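Subject: the model to look at

Hi,

Here is the structure I promised to pass on.

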Amino acid sequence: MKQIRFGVIGCGLMGREFASASMRWLHLKDALPRPVILAACDTSEENREWFRRVPDTVFFYSDYHELLQNPEIDAVYCALPHNLHARVYADVIRAGKHLLGEKPFGLDLPACEEILQAVKENPGVFVRCASEFPYYPAVQQMIRWYREGAFGQIIEARFAIKHSSDMDLSKPINWKRMRAVNGEYGCMGDLGIHTQHLPFRLGFQPQNVRSVLANIVKTRLNADGQPVPCETWDNALLLCEAKNDAGDAFPMQLEMKRMAPGCSNTVEYEIYGLNMSARFTTDDPNAISYTVSHGREQGWTRLGVGQKPLFPVITGSIFEFGFSDAILQMFAAFTAELSGETVSFGCFTPQEALQSHRMLTAALRSYERGEAVAL
Ligand SMILES: NC(=O)c1ccc[n+]([C@@H]2O[C@H](COP(=O)([O-])OP(=O)(O)OC[C@H]3O[C@@H](n4cnc5c(N)ncnc54)[C@H](O)[C@@H]3O)[C@@H](O)[C@H]2O)c1
C-alpha cells in the first residue's frame with residue numbers, strides 16, 4: 001500500500017482523531033495511500049507523549065520548525081488554536097509540505113489571505129481545510145439528489161450546527177472562548193465551515209448577509225475557579241439571499257450555536273425545493289428524510305441509508321455510520337485528491353475558506369450596523 005508520510009502539529013483533540021483514523025486505514029476497501037504519522041509536534045509534553053501510542057510515530061518535536069526541516073515528512077495535518085493558523089500554515093506550505101489545516105483557516109480575513117498568498121506562491125503544494133460532516137452517507141445522498149436536479153427550483157436552504165457543552169456554566173474557560181486566541185468571529189469561526197462546505201460546493205452563492213449574534217454568558221470560571229470575561233459570541237444566526245447555478249434565488253440560513261439546549265453536536269442540513277425537499281440531522285445519522293408528492297400534498301419519508309460512504313468500507317452497509325467514520329472519509333478524500341484521483345466531493349479548498357472568511361467578516365459588520373452587508 002502506498003504511503004503518505006505525515007507530521008501532526010497540534011496533538012490535542014483533533015490531532016488524536018487523525019492518529020486514530022490513520023490506524024484504521026484497513027477499514028477502507030480501496031487501496032488509497034495510507035497516512036503514516038511519522039512525526040508529532042506539540043508544545044505540551046503531555047499531549048506530545050500521547051503519540052507514543054501511535055506505532056508509526058518516531059519523531060517528537062516541541063518546535064514545529066524542526067518538524068518542517070525533516071525531509072522524511074511529505075504532508076502535515078495542523079490542529080492548532082486559531083491565532084496560530086496563519087503563521088504555521090504559511091510556514092508549512094513554504095517548506096513544501098502538503099497541508100490539511102483545521103478550520104477556520106486563519107483567525108480572521110487578513111490571516112486567511114496570508115495563507116492564500118503562500119498557496120499562490122507554491123502551486124505544487126496541495127492544501128485543503130478540514131471539514132467532515134458532508135461525508136455522512138445520508139448527506140452524500142442529498143448531494144447526489146441535488147446534482148441530479150431532483151429538488152427542482154430551490155425554495156429555501158438551511159445549514160446548522162448546534163452544540164450544548166457551554167450550557168454547563170461550571171465548565172472552565174478554554175482558548176475557544178477567548179477572543180485573542182479564537183478570534184472576533186467567536187462561535188462563527190469555530191463552527192462556520194461546518195455550515196458552509198456543503199452549500200458552497202453545491203454552488204449556493206450568498207449575495208449578502210444579515211446577522212444576529214449573541215454573547216449569552218459574559219463571564220466564565222478560569223482554572224482556579226475565578227470568574228473571568230468571556231467575550232466571544234456564543235450563538236450566531238446568518239440569513240442570506242443566495243443564488244445557485246440554475247439562477248434560483250432563495251433564502252439561505254446558517255446557524256452556529258454553542259448554546260443550544262438539548263443538543264450535543266447536532267448538525268442539520270435542509271434543502272427545500274419545488275419538486276422535492278430533504279433534510280439530514282446527526283440526531284438520526286443513518287437516515288435522510290425527503291418528501292414524496294401525492295398530487296398536491298407532500299409527505300415526509302425516512303430513508304435508512306446506513307454505511308454506504310463515498311469511499312467504500314469493509315463494514316456492512318446495514319450498520320451505522322458515525323463521527324469517527326466521517327473523519328476517516330475526510331482523510332481518505334484528502335489522500336485520494338493529493339494522489340491525483342478525482343473525488344466527487346473533495347475537501348474544503350483554500351478558495352472556499354477565503355469565501356467563508358469574507359462571509360463571516362460581513363456577518364460581524366452586519367451585526368455592528370444592524371443592516372444587510374453585500375458579498
Ligand atoms: N473538524 C472538527 O470537527 C474540529 C473539531 C474540534 C476542533 N477543530 C479545530 O481543530 C483545531 C484544534 O482544536 P482542538 O480541539 O484539537 O484543540 P486542542 O486545544 O485540543 O489542541 C490544540 C493543541 O495545540 C497545541 N499547541 C498550542 N500551541 C502550539 C504550538 N505553538 N506548537 C505546537 N503545538 C501547539 C496545544 O498544546 C494542544 O495540544 C482548531 O482549529 C479547531 O477549530 C476541528
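In what order do the six strands of the open sheet come, and is the pairing parallel or antiparallel? The order is β3-β2-β1-β4-β5-β6, with parallel pairing. The edges are β3 (59-61) and β6 (127-129), each of which pairs on one side only. On average, neighbouring strands in this sheet are turned by 25 degrees against each other, direction ignored. For the terms: strands (E, at least two residues) and helices (H or I, at least four) are DSSP runs numbered from the N terminus, and two strands pair if DSSP finds at least two bridges between them.

Before you go further, this is a predicted model: local features need pLDDT of at least 70 and side-chain atom pairs count only at pLDDT 80 or more, while totals for chains, interfaces and linings use all residues. Numbering starts from 1 along each chain, as its sequence is written.

Next, the helices. α4 (residues 85-94) packs against α5 at an angle of about 0 degrees, and their axes are 9 Å apart. That makes α4 roughly parallel to α5 (angles under 35 degrees count as such). Axes here are lines fitted to C-alpha atoms, for helices over the stretch in contact, and angles run from 0 to 180 degrees between N-to-C directions. From α4, His85, Ala86, Tyr89, Ala90, Ile93 and Arg94 meet Ala111, Glu114, Ile115, Ala118 and Val119 of α5; contact means C-beta atoms, placed from the backbone, within 7 Å. By class, this contact has eight nonpolar residues, one polar and two charged. Ala, Val, Leu, Ile, Met, Phe, Trp, Tyr, Cys and Pro count as nonpolar, Asp, Glu, Lys and Arg as charged, and the others, Gly among them, as polar.

On to the domains. The domain assignment, automatic or from a database, gives domain 1 (3-129) and domain 2 (133-318 + 348-374). Their centres, taken over C-alpha atoms, are separated by 25 Å. Domain 1 puts 22 residues into the contact and domain 2 puts in 23. On the domain 1 side, α5 (109-121) and β6 are the elements that give two or more residues, and α5 gives the most, with five.

Finally, the ligand: 22 residues surround it, and Gly10, Gly12, Met14, Ser44 and Glu102 are the closest (the cut-off is a C-beta atom, placed from the backbone, within 6 Å). This shell has 11 nonpolar, six polar and five charged residues.

Cheers

Terms used:
Two residues are in contact if their C-beta atoms, placed from the backbone, lie within 7 Å. Angles under 35 degrees count as roughly parallel, over 145 as roughly antiparallel, 65 to 115 as roughly perpendicular and the rest as oblique.
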